[in-house]
Amino acid sequence: MTTPRQHLADVFVELAGGSPDLPLDPPALLAALADHSKELVGARACGVLAVLPGAESGEVHASEDACRDLLLDAYHRGQGPGPRCRATGRPEPRTDLRTQIMRHRWPHYVPRALALGYTEVAARPLRGQEQVIGALVLFGSDEEPLTEEALAFGQSLADIAAIALLRSEELNRSRTLAGQLEHALSSRLIIEQAKGVLAAQRSLTMNDAFAILRGHARARQQKLTEVAREVTEGRLML
């Protein structure tokens, strides 16, 4: 039987990226953030709006389908606290949606939210040290009101998920760069080997051997590394 403390620890591990042996799944992590935030914060509903590094469009996940539809529409219209929180990187305070001021400020958002039973809303940024990638949006109702303690806990959950996502992106960039450097070094080694082979075969300087390799590659519209590999493997005599 899982104790409440163990369940909370399991949630933290999941939001931190799960098993280190498995690649992080950003959509699954964002969906888990929305679901667990509703459960642990005690909100009426929770949703996540995020624009991941390198992505062309935003992602929206929520604890229920109606909430997701509301947040998706809000994202496209730029209404509600979610888009503003993501843009500024600052928390959006708990807001009563039943006031005339809010109806005027968010004319499409507020009626839809009230129709779903959401009477108040707040947002907390998904942030790393230097980057904000989205917002956690929390909805309350008369039966399930938002509290300052709950909102503070929601920020902690958002921070854990955001750090995991940003570190995963940083790791992916590092792997890509390492692969590019490895390819560049490998290509350079092949070219140097081909220069040495050609120089020995024709009693040329290394510079003259390179000029011949490059000229042949241009004339044949081949990559220099392809020509160099053919020379080193004995498939091409120049």
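This passage describes selected local features of a predicted model.

Two aromatic pairs occur in the structure. One of them joins W106 and Y109 in an edge-to-face arrangement. The ring centres of W106 and Y109 are 5.5 Å apart, and the planes stand at 75° to each other. An angle over 60 degrees counts as edge-to-face, so the W106 and Y109 pair falls in that class. W106 is buried, and Y109 is buried as well. W106 also has a charged neighbour: R105 lies over the face of the W106 ring, at 6.0 Å from the ring centre.

Helix packing is illustrated by α8 and α9. A packed helix pair is described by the angle and the distance between the axes. Helix α8 spans residues 206-220, and helix α9 spans residues 224-232. The two axes come within 9 Å and cross at roughly 115°. The crossing of α8 and α9 is right-handed. On the α8 side, the contact is made by F210, L213, R214, H216 and A217. On the α9 side, L224, V227 and V231 take part. Six of the contact residues are nonpolar, one is polar and one is charged.

Two loop residues with positive phi come next. S203 sits in the loop between α7 (148-202) and α8. Phi of S203 is near 55°, a positive value in a residue other than glycine. S203 has 67% relative accessibility; exposed means over 50%, so S203 counts as exposed. Q221 is found in the loop between α8 and α9. Phi of Q221 is likewise positive, near 55°, and Q221 is not a glycine. Is Q221 buried or exposed? Q221 counts as exposed because its relative accessibility is 77%.

Helix α4, residues 81-88, contains C85. C85 has a relative accessible area of 0% and is therefore buried. Which residues does C85 contact beyond its neighbours within four places in sequence? R90, P91 and E92 are among them. A123, R124 and P125 also belong to this set, as do V132 and A135. V132 lies 47 residues from C85 in sequence. The C-alpha atoms of C85 and V132 are 9.1 Å apart in space.

The strand region provides two further sites. G58 is placed in the loop between β1 (45-50) and β2 (59-62). With residues up to four places away in sequence left out, G58 touches A50, V51 and Y75. G58 and L72 are 14 residues apart along the chain, and their C-alpha atoms are separated by 9.0 Å.

A62 lies in strand β2. The relative accessibility of A62 is 19%; buried means under 20%, so A62 counts as buried. Not counting residues up to four places away in sequence, A62 touches A34, D35, C46, G47, C67 and R68. A62 and L185 are 123 residues apart along the chain. Their C-alpha atoms are separated by 46 Å.

How values were computed
Residues are numbered from 1 along each chain as its sequence is written. This is a predicted model: local features need pLDDT of at least 70, side-chain atom pairs count only at pLDDT 80 or more; totals for chains, interfaces and linings use all residues. Side-chain values use heavy atoms; hydrogens and water are left out. Rings of Phe, Tyr and Trp (its six-membered ring) pair if their centres lie within 6.5 Å; planes under 30 degrees apart count as stacked, over 60 as edge-to-face and the rest as tilted. Buried means under 20% relative accessible area, exposed over 50%, partly exposed in between (1.4 Å probe, protein chains only). A charge sits over a ring if NZ of Lys or CZ of Arg is within 6 Å of the ring centre and within 35 degrees of the ring normal. Axes are lines fitted to C-alpha atoms, for helices over the stretch in contact, and angles run from 0 to 180 degrees between N-to-C directions. Helices (H or I, at least four residues) and strands (E, at least two) are DSSP runs, numbered from the N terminus. A crossing is left-handed if the near helix is turned anticlockwise from the far one by less than a right angle, and right-handed if clockwise. Contact means heavy atoms within 4.5 Å. Ala, Val, Leu, Ile, Met, Phe, Trp, Tyr, Cys and Pro count as nonpolar, Asp, Glu, Lys and Arg as charged, and the others, Gly among them, as polar.
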